[in-house]
Amino acid sequence: MAQKRAGDVDAFIAKPDFSTPIILIYGPDAGLVSERAERLAAASGADLNDPFATVVLAADDLEKDVGRLYDEARTVPMFGGRRLIRVRGGSSGKALAEAVGELAAGPSADAVVIIEAGDLRKNAPLRMAAERAGGAMALPCYQDEARSLERMIDEELRANGLTIEKPARDLLRSRLGADRMASRGEIVKLCLYAYGKETIDEADVDVVVGDVSSETVDEIVDAAAGGEVRKLPHLMNRLVASGTPPFLLLQALMRHFQALQLSRQAIERAGEPIGRVVDRRRPHFRRRAALETALGLWTLDTLGEALVAIEKAILQSRTAAALGDVVIRQTVLDLAVKAARLRLRGRR
């Protein structure tokens, strides 16, 4: 079967083998998937700045017109070299899965196809097509979150010639989310703020990373994930009155539900107890009970549905700015109602 274990993916990306020119990268952390896809794209040999050599397609569009993928993958480069076709937003659509199977059966030596997808089940058509085809490779992205986060912090500190005090590291880690790209951005911002210093302290972290993790935002996120519907109107009004941009709440919700998804994988797939998973995440003591409650309510399936709803809300709030506040309030309320229903279902 053409696939790598999660622990072997970094080694493959460090020395990629494009003899299997169709590569599927999937996993719950969109930032990690995107980061690895960028590294593969850079190593592909295609000119990333040439629109004739590098093409980016949306998976949703291909489900309506999958012939575009066939055309791009089989086009001979006009000026020689290799072409790169990147497909973003891959899911369980059948058209894309069938195209992957057919293209992998007779792959072109002139093109590399990199597909980025979310968390795909074992029986997802796209994943099955990539794993079974001889000309394709499936790369799962399920890193150990704690180790990955520590390594990322160390990488950025080393690149900037900085060290960090242990209390500051603990505070920073508690304020970073499950999305790798967003987390790296926060660390880079912190390093820029500390330019000219040798050591980062708690005050630095509190100034730079504190706004996103404000107390009211945390309370709203925990209330939504725990089904505390009655708390939300007051908390939302307090957030608006504080002057905090509401869109930050959607970002915080996304990070929190992605983190819940990663933790539920350990619970459902590895059989770990909730308490042990929570201990490994090292939440602030005031949020520990809320995290345990949320992990007891949500499953991988329902978390996947919640993340889709949050992604839609983010898109709607950006495309219809005038309705942004309404969209955000409704999304938070819908999540809380869903959690409350899950709580009732568990009592029956």
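This is a predicted model: local features need pLDDT of at least 70, side-chain atom pairs count only at pLDDT 80 or more; totals for chains, interfaces and linings use all residues.
Residues are numbered from 1 along each chain as its sequence is written, and side-chain values use heavy atoms, leaving out hydrogens and water.

**Helix 13 and helix 16**
- Helix 13 (residues 247-270) packs with helix 16 (residues 300-319) at about 165 degrees, their axes 10 Å apart.
- That makes the two helices roughly antiparallel (angles over 145 degrees, on a scale running from 0 to 180).
- Where they are in contact (heavy atoms within 4.5 Å), residues including Leu250, Phe257 and Arg264 of helix 13 meet residues of helix 16, among them Leu303, Ile310 and Ser317.
- The residues of this contact split into 12 nonpolar, five polar and four charged.

**Salt bridges**
- The whole structure has 30 salt bridges (a side-chain nitrogen of Lys or Arg within 4 Å of a carboxyl oxygen of Asp or Glu).
- Arg83 pairs with Glu72, with the closest N and O atoms 2.9 Å apart.
- Arg83 counts as buried at 5% relative accessibility (buried means under 20% relative accessible area, exposed over 50%, partly exposed in between, with a 1.4 Å probe and protein chains only).
- Glu72 is buried too, at 14%.
- Arg121 and Asp301 form a salt bridge at 1.9 Å, N to O.
- Arg121 lies in a loop and Asp301 in helix 16, so the pair ties together parts 180 residues apart in sequence.
- Glu150, Asp154, Lys166, Arg169, Asp170 and Arg173 are linked in a salt-bridge network.

Methods
Helices (H or I, at least four residues) and strands (E, at least two) are DSSP runs, numbered from the N terminus. Angles under 35 degrees count as roughly parallel, over 145 as roughly antiparallel, 65 to 115 as roughly perpendicular and the rest as oblique. Ala, Val, Leu, Ile, Met, Phe, Trp, Tyr, Cys and Pro count as nonpolar, Asp, Glu, Lys and Arg as charged, and the others, Gly among them, as polar.
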